[in-house]
Amino acid sequence: MRRTAAALLLALTCCAGPAPVAAQATLQEAVAEVRGAVQVVVPLAPVVDRPEDRVSDAAVAHIIRWEITSPAYYERRLRSPIWPGGASGVTWCVGYDGGHQSAPVIRRDWAGHRAVARLATTAGITGTKARDVLPRYRDIVTPYDYCARIFRDVTLPAYHRLARRTFADGWELLPEDAQGTLTATVYNRGTSMVGSRRSEMVTLRDVCVPRGDVRCMAAQYRAMCRIWRGTINEAGLCGRYNDAARLAESAK
């Protein structure tokens, strides 16, 4: 019998071990700004049960670990909405940013949530305005099991499709776990290929993926650390992409 998505996520993230406290640095201004931009481009879609939209279990565990540390940490600190900073809106679950969604999309994605009508009112509120209104929503609770199901079945398939379009040349040559690292990268950094901060993304797209070369992919993930060196995000984001590199190298 298949385990539920929530149970699977719980097992995977617990087995992965506790992420460093520095992993929480991923919820910083630069990351939040990128996440918001991605969600504007890719509004979340209803779950589509297609094999090609499936993200590998190891990649899901990787994203969960670096976004919320663990289910236990989520239950202690993240059950209620937060404001990650920067251009973010009111955010709940695993980085679901209400400010960068429309009210109809929020109502559709969270139709089963008892506070869906209130969550929908976060649509379009971003930046310091979101910070100011956050107290209105702090009493809303989203249990981990429900959050994990929406993340696995609604959020990730949309980003997986975006990653597949972005890295289309050679995508099918890659093992599922390697594809998952690209999904994780798009989820965290978006799809832009413009500017010096994106040179590793360009190499992934134009060199590594077309060759189906997971070692090349791993090298680019490690090289990304240069972007955050010496910043508040160094420990969290360097750790995140070193972890992505290891997953790519062991991909299957």
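The torsion about the S-S bond of Cys225 and Cys238 is about 90°, so this disulfide (a pair of cysteine sulfur atoms within 2.5 Å) is right-handed. By that rule the chain comes to three disulfides, and there are nine aromatic pairs too. This is a predicted model, where local features need pLDDT of at least 70 and side-chain atom pairs count only at pLDDT 80 or more, while totals for chains, interfaces and linings use all residues. Residues are numbered from 1 along each chain as its sequence is written, and side-chain values use heavy atoms, with hydrogens and water left out.

**Disulfides**

- Back to Cys225 and Cys238: their sulfurs sit 1.9 Å apart. The pair links distant parts of the chain, with Cys225 in helix H12 and Cys238 in helix H13, 13 residues apart. Helices (H or I, at least four residues) and strands (E, at least two) are DSSP runs, numbered from the N terminus.
- Cys225 counts as buried because its relative accessibility is 10%, and Cys238 is buried as well, at 8%. Buried means under 20% relative accessible area, exposed over 50%, and partly exposed in between (1.4 Å probe, protein chains only).
- Cys93 and Cys147 form another disulfide, with 2.1 Å between the sulfur atoms. The torsion about their S-S bond is about 95°, so that link is right-handed.
- Cys93 lies in the loop between strand E1 (91–92) and strand E2 (96–97) and Cys147 in helix H8, so the pair ties together parts that are 54 residues apart in sequence. Both Cys93 and Cys147 are buried.
- Cys208 is joined to Cys216, S to S 2.0 Å. This link is left-handed, with -55° about the S-S bond. Cys208 counts as buried at 0% relative accessibility, and Cys216 does at 14%.
- Counting bonded cysteines along the chain, the disulfides follow the pattern 1-2, 3-4, 5-6.

**Aromatic pairs**

- The rule here: rings of Phe, Tyr and Trp (its six-membered ring) pair if their centres lie within 6.5 Å, and planes under 30 degrees apart count as stacked, over 60 as edge-to-face and the rest as tilted. It gives nine aromatic pairs.
- Phe151 and Tyr187 have ring centres 5.8 Å apart and planes at 75°, so they are edge-to-face. The pair links distant parts of the chain, 36 residues apart: Phe151 is in helix H8 (residues 144–166) and Tyr187 in helix H9 (residues 176–189). Both residues, Phe151 and Tyr187, are buried.
- Trp228 and Tyr241 are stacked, at 5.5 Å centre to centre with 20° between the planes. Trp228 lies in helix H12 (residues 225–228) and Tyr241 in helix H13 (residues 234–249), so the pair ties together parts that are 13 residues apart in sequence. Trp228 and Tyr241 are both buried.
- One aromatic cluster is made up of Trp92, Tyr96, Trp110 and Tyr146.

**H8 against H9**

- H8 and H9 pack at about 95°, with their axes 9 Å apart. That makes H8 roughly perpendicular to H9.
- Axes are lines fitted to C-alpha atoms, for helices over the stretch in contact, and angles run from 0 to 180 degrees between N-to-C directions. Under 35 degrees counts as roughly parallel, over 145 as roughly antiparallel, 65 to 115 as roughly perpendicular and the rest as oblique.
- In this contact (heavy atoms within 4.5 Å), H8 supplies Phe151, Thr155, Leu156, Tyr159, His160, Leu162 and Ala163, and H9 supplies Gln179, Leu182, Thr183, Val186 and Tyr187.
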